[in-house]
Amino acid sequence: MQVRFHHVFPIIVLTLLAGGSFWLERATRVADIANSPDVLEGPDVIVEQMSITRFDINGNPHYYLDAREMKHLPGEQHARLDGPVVHLVRDALDMRWSSDTAEVRDDSQRVDMAGNVEGERTIPGEAPAHFSSATLTVWPEVESAKSTTPVTLTQNGSVATGDRMDADNIFGVVTLTGRVKVHMPNTRK
């Protein structure tokens with residue numbers, strides 16, 4: 001059997017094309033960012049005095065997310081905030097939370113607050129309610145919050161404590177669960 005050049009030529013061309021493709025891929029490869037030590041040492045984005053406002057369908061402010069500083073680290077799916085404030089607004093109902101730090105996740109759909117979490121809820125015709133806890137998760141879009149650490153609620157001189165808390169700004173409801181204790185001031189003189 002005799003091998004002719006016109007039979008071998010396509011095999012030679014395909015071999016050269018495959019080798020060239022392999023070389024081109026290697027030559028243009030970007031360094032692996034996730035394993036680069038320079039990238040892992042610091043944030044890729046830092047924003048000072050950050051402020052985000054989300055609006056409802058009618059163009060009214062729905063909630064605000066402010067922070068002294070926001071940092072995002074490469075390869076992470078969340079941003080870290082220093083001095084965050086989440087402010088939920090619905091008609092006359094108003095709920096505001098602040099903490100030392102927070103992590104914003106799910107495209108600002110969830111804010112995990114930590115360290116000296118303080119909050120205030122105002123409803124027309126009622127005294128403002130003040131909250132404190134070590135941690136709090138806020139879902140601004142659905143106007144709810146949850147703490148799985150002990151919470152203290154103070155309103156009009158009364159103090160209530162609980163192991164956990166759920167808050168809903170749409171209905172203006174705050175629920176303490178677990179071991180709940182209530183201390184009401186003596187109003188008799």
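Student: How many helices and strands does the chain have?

Tutor: The chain has two helices and 14 strands. This is a predicted model, and its pLDDT averages 82 over the chain, with 89% of the residues scoring at least 70.

Student: Which element has the lowest mean pLDDT, and which the highest?

Tutor: Helix α2, residues 37-40, has the lowest, at 48. Strand β8 has the highest, at 92.

Student: What share of the chain counts as buried?

Tutor: Of the 189 residues, 29% do. As for contacts with a separation of 6 or more, 36% of them join residues 24 or more positions apart.

Student: Why is H62 called buried?

Tutor: The relative accessible area of H62 is 12%. Buried means under 20%, so H62 is buried. H62 lies in strand β2, residues 61-72.

Student: What does H62 touch, leaving aside neighbours within four places in sequence?

Tutor: H62 is in contact with R54, F55, D56, H87, L88, V89, P140, E141 and E143.

Student: What makes the phi of E143 worth a remark?

Tutor: Phi of E143 is near 55 degrees, which is a positive value in a residue other than glycine. N156 also has a phi near 55 degrees, again positive and again in a residue other than glycine.

Student: Is N156 buried or exposed, and how do you know?

Tutor: N156 has a relative accessibility of 66%. Exposed means over 50%, so N156 counts as exposed. N156 is found in the loop between β10 (151-155) and β11 (158-162).

Student: Why does H183 count as exposed?

Tutor: H183 has a relative accessibility of 53%. The cut-off is over 50%, so H183 counts as exposed. H183 belongs to strand β14, residues 181-183.

Student: What is H183 in contact with, neighbours within four places aside?

Tutor: H183 is in contact with G157, S158 and V159. The C-alpha atoms of H183 and G157 are separated by 8.8 Å, and these two residues are 26 residues apart along the chain.

Student: Which residues line the largest pocket?

Tutor: The lining consists of D56, N60, P61, H62, V89, R90, D91 and E143. Strands β2 and β4 (85-90) each supply at least two of the lining residues. About 170 Å³ of space lies in this pocket.

Student: How do the lining residues of the largest pocket divide into nonpolar, polar and charged?

Tutor: Two are nonpolar, two polar and four charged. Asp, Glu, Lys and Arg count as charged, so D56, R90, D91 and E143 are the charged ones.

Student: How many residues are in the largest nonpolar core, and which have the most contacts inside it?

Tutor: The core has 27 residues. Those with the most contacts inside it are L81, W97, V111, M113, L136, V138 and M165.

Student: What does V138 touch, not counting residues up to four places away in sequence?

Tutor: V138 touches V86, W97, Q109, R110, V111, M113, S144 and A145.

Methods. Residues numbered from 1 in each chain as written. Predicted model: local features only at pLDDT ≥ 70, side-chain atom pairs only at ≥ 80, totals over all residues. Heavy atoms only, no water. Core = buried A, V, L, I, M, F, W, Y, C linked by side-chain atoms within 4.5 Å. Buried < 20%, exposed > 50% of the residue type's maximum accessible area, 1.4 Å probe, protein only. Contact = heavy atoms within 4.5 Å. Helix = DSSP H or I, 4+ residues; strand = E, 2+ residues; numbered from the N terminus. 1 Å grid on protein atoms, 1.4 Å probe; cavity = no way out; pocket = protein on both sides within 12 Å on 5 of 7 lines; lining within 4 Å. Points joined across faces, edges and corners; volume = space filled by probe spheres on them. pLDDT = per-residue confidence, 0-100.
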